[in-house]
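Open the model in your viewer and keep the selection tool ready. We will go from stop to stop, and each stop tells you what to select.

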Amino acid sequence: MRKFLNTRLATAMAGSLLLMTGAHAQTATPASEPGVEIYLPTAFAEFLPQNANDLVRRLPGFQVDEGDDVRGLSGAQGNVLINGRRPPTRSGSIGTRLSTLRVEDVERLELIEAGARDIDMQGYPLLLNIVLRDQTDRRINGRMEIEPREDGGDEVQLAFGGSMTGGGIDLEGNFELYDEALIAYEDVRSSTADAPTARLSTDRNTTMSRRDAQGSATLPLSGGRSLVLSGAYDSYANSQRPTAEEVASGAALQETNEFENADTSFGLEYTAPFRGNMDLHAMLTRTDGEQESSASLTEMGTVNRSTSGEETSETATRATLRWRMGETWAIEAGGTWALNTLDGSSAASIDGVVQDIDGSTASVEETRAAALAVASWTPRADLTANFGGRVEQFSLNSSNAPGELTLTDVIPRADMTWTLDNGWVLRVSGEREVGQLDLDLFLAETNLDNALNTAGAATLEPERAWVYRVELERRFGERNLLRVLGQRREVDNPISRVLTLDGDVTPANIGPETIDTLEGVFEMDFGQFGIPGLFVDGIAVLRDSERIDPLQGFVRQTSGLAEYTVEIGVRQEFAGGKFILGMELEQDAPSTHYWLTQIRHEDRGLEARINGEWRHSDTWRTGFWTRLPESIREERQIFDGVRTPGDDPVLENIIERENGAFVSLWTEFEMREEVFLRLNVRTGRDREATTLVNAIDGSPLDSASVDVDNVPSFNLRLRWNR
């Protein structure tokens with residue numbers, strides 16, 4: 001099957017290239033300017049889009065990037081513009097924002113190449129600009145959804161949003177609520193050297209709750225200036241506890257987990273023209289978070305417990321001045337500053353013994369300041385180049401280590417976009433990247449499953465890497481794309497968990513790592529080649545990597561990296577679009593995960609999905625979606641404690657899961673204009689799982705299996721966008 005998929009994908013891509021080179025190149029709509037591709041909503045009418053997000057998801061070769069949320073100091077705010085401006089910094093995700101825009105309000109979509117317009121690309125090779133028609137003064141949207149399940153579980157979702165424009169101040173906001181209660185059924189789990197048995201987890205009552213609220217206000221000021229205020233509140237809670245029946249039965253292994261997290265943030269952005277050919281942009285953001293978690297594991301009379309709590313804050317500011325020096329040159333310069341803090345504590349007891357772990361109390365403060373400058377050169381319409389970078393100073397104060405760590409980095413970047421005469425676009429870039437630290441690494445933690453303590457990091461440096469990228473792309477017609485991409489990422493000092501001379505496990509910077517990626521993508525509408533209603537897309541990715549295993553010293557690939565991925569999607573319309581049938585196939589190469597106490601080889605097999613749709617009328621449609629049965633096999637080599645040089649595994653644990661078919665049947669009515677009612681019946685998915693525990697010579701030690709039946713559910717959804 002793998003050879004079949006690779007052969008079919010290579011054949012399809014070669015055939016697409018021949019068709020494209022033999023056909024007259026087309027454009028989606030005659031572009032009004034070089035380097036800008038225009039897509040009209042009518043190009044995606046067959047998909048019955050209802051909001052801007054539905055349109056964007058169908059754009060060939062484009063994926064939304066939310067940006068780095070300023071903390072990394074590069075200032076990237078995502079690759080989507082709305083009427084030429086990026087959404088407010090703290091007004092929620094771009095996907096949520098796009099879902100609130102009716103398709104009727106979208107005039108066109110513009111894919112903008114670097115250099116095509118005087119826009120701060122922020123390092124992206126492509127930007128999407130969604131141009132809206134004049135909207136009404138008031139708009140509301142929402143969704144109400146409930147899904148009861150056969151076993152007594154349920155799911156409830158509510159979402160409300162709206163905006164007011166045209167009154168001098170533009171207001172926008174939305175609120176989402178999500179609650180779910182379900183039973184997480186019995187499953188197999190990994191063996192350990194201390195528990196060399198076929199381990200099974202019990203049935204668990206699981207609840208999840210999320211509350212998200214975002215809002216923004218845009219204040220137009222005199223002289224073309226504007227001020228945007230935005231804010232957000234996000235909370236999430238999760239709980240898992242054994243069912244009363246499992247507790248009463250005295251099951252061998254029982255566990256509980258509690259987790260709560262809440263973040264409050266706000267943002268302020270100021271934009272103003274300056275001396276005619278300059279623009280000033282400044283922003284300030286602040287986020288405060290709290291997180292609490294607790295867990296317990298009871299196995300064969302032994303009780304292990306852990307707790308953790310932390311408070312975090314992130315403050316960042318950025319100001320840039322963009323100077324247009326004519327049609328050929330533009331220069332952007334500015335400065336950034338960020339302060340990130342964590343104060344936390346953790347505790348654990350293993351079989352009643354309180355653990356003494358370095359970093360169980362941590363206070364960390366990370367400060368960054370940078371000066372940046374970028375020059376954009378556009379000597380002609382088909383060529384643009386950007387070069388520049390920033391000089392950044394990083395300082396770290398940690399309660400786990402004496403003194404202050406101070407570093408200075410020079411971080412250059414250069415890229416070029418060249419539109420060739422035959423319609424191909426060549427993009428080349430090279431840059432230095434300095435990552436941001438996960439401050440949670442400074443707080444100690446305990447894995448109750450294997451009773452392993454990880455000390456908090458004493459000190460860490462941000463990961464530094466050189467990234468080189470070459471991309472060749474051709475768009476033609478409304479739905480067609482060919483793209484070949486090659487990338488090399490050379491990481492100087494990746495962060496991993498290591499074993500210290502004192503016998504502690506702790507995060508630390510280790511030796512270099514290299515990751516190479518070669519990717520081919522195609523999307524083809526075969527209607528222009530005499531096969532109406534047929535659309536095929538595919539992607540093939542080859543990966544290679546190399547690093548030194550920080551625990552045992554051998555050369556290996558990156559943990560969890562699949563050497564290849566192949567995906568193919570086929571969609572065929574019948575009877576002028578009244579009936580639709582589609583299929584998706586996905587195959588990942590087996591991957592190897594290198595953990596502290598085990599090495600896990602995973603093979604997920606082939607994933608196949610089939611969907612269909614029957615459009616009874618303009619206001620009523622019915623369809624189905626199914627995921628075919630799939631198998632997952634894991635071969636785990638279990639070590640006696642943390643892996644060290646010269647160690648051999650002491651156990652082999654083979655886990656196999658067979659997931660049955662999942663089927664969803666749905667029908668949707670448009671009750672009135674822009675008000676939709678959707679009914680959905682779902683089978684759930686049955687699952688069989690087995691675990692085999694063998695000695696290292698292959699002789700069997702223990703085995704167990706579980707079998708979980710389908711849990712059907714009924715889903716009712718009402719949504720509107722007016």
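Helices (H or I, at least four residues) and strands (E, at least two) are DSSP runs, numbered from the N terminus. This is a predicted model, in which local features need pLDDT of at least 70, side-chain atom pairs count only at pLDDT 80 or more, and totals for chains, interfaces and linings use all residues. Residues are numbered from 1 along each chain as its sequence is written, and side-chain values use heavy atoms, with hydrogens and water left out.

**Stop 1: two loop alanines**

Select Ala451. Ala451 sits in the loop between strand 21 (445-447) and strand 22 (452-454). Its phi is near 55 degrees, a positive value in a residue other than glycine. Most residues other than glycine have a negative phi. Is Ala451 buried, partly exposed or exposed? Here buried means under 20% relative accessible area, exposed means over 50%, and partly exposed lies in between (1.4 Å probe, protein chains only). Ala451 is partly exposed, because its relative accessible area is 32%.

Now select Ala575. Look for Ala575 in the loop between strand 30 (564-574) and strand 31 (579-588). Phi of Ala575 is near 55 degrees, again a positive value in a non-glycine residue. Ala575 has 58% relative accessibility, so it counts as exposed.

**Stop 2**

Select strand 17 (residues 361-380) and strand 18. Two strands pair if DSSP finds at least two bridges between them. Strand 17 and strand 18 run antiparallel and are joined by 15 bridges. Find Ser376: opposite it, in strand 18, stands Asn386. A hairpin of two residues links strand 17 to strand 18.

Gly389 stands opposite Pro412 in strand 19. The hairpin of strand 18 and strand 19 has five residues between the strands, and Gly403 there takes a positive phi near 80 degrees.

**Stop 2: the largest cavity**

A cavity is a set of points on a 1 Å grid over the protein atoms alone, where a 1.4 Å probe fits but cannot get out; lining residues have an atom within 4 Å of a point. Grid points are joined across faces, edges and corners, and a volume is the space filled by probe spheres set on the points. Three cavities of 30 Å³ or more are counted. The largest has a volume of about 60 Å³. Select Ala114, Ala381, Asp382, Leu383 and Thr419: of its 13 lining residues, these are the closest to its centre. Strand 18 (383-398) and strand 19 (404-419) each supply at least two residues of this lining.

**Stop 4**

Inspect strand 37 (residues 651-659) and strand 40 (residues 687-695), which pair over nine bridges. Asn659 has Arg687 of strand 40 as its bridge partner.

**Stop 3: Val642**

Select Val642, in the loop between strand 36 (630-638) and strand 37. Val642 is buried, because its relative accessible area is 13%. Which residues does Val642 contact, leaving aside its neighbours within four places in sequence? Contact means heavy atoms within 4.5 Å. The partners are Leu452, Leu499, Val505, Leu551, Leu596, Thr597 and Asp647. Finally, select Val498: Val642 and Val498 are 144 residues apart in sequence and 9.5 Å apart in space, C-alpha to C-alpha.

Notes
On a 1 Å grid over the protein atoms alone, a cavity is a set of points where a 1.4 Å probe fits but cannot get out, and a pocket is an open set with protein on both sides within 12 Å along at least five of seven lines; lining residues have an atom within 4 Å of a point.
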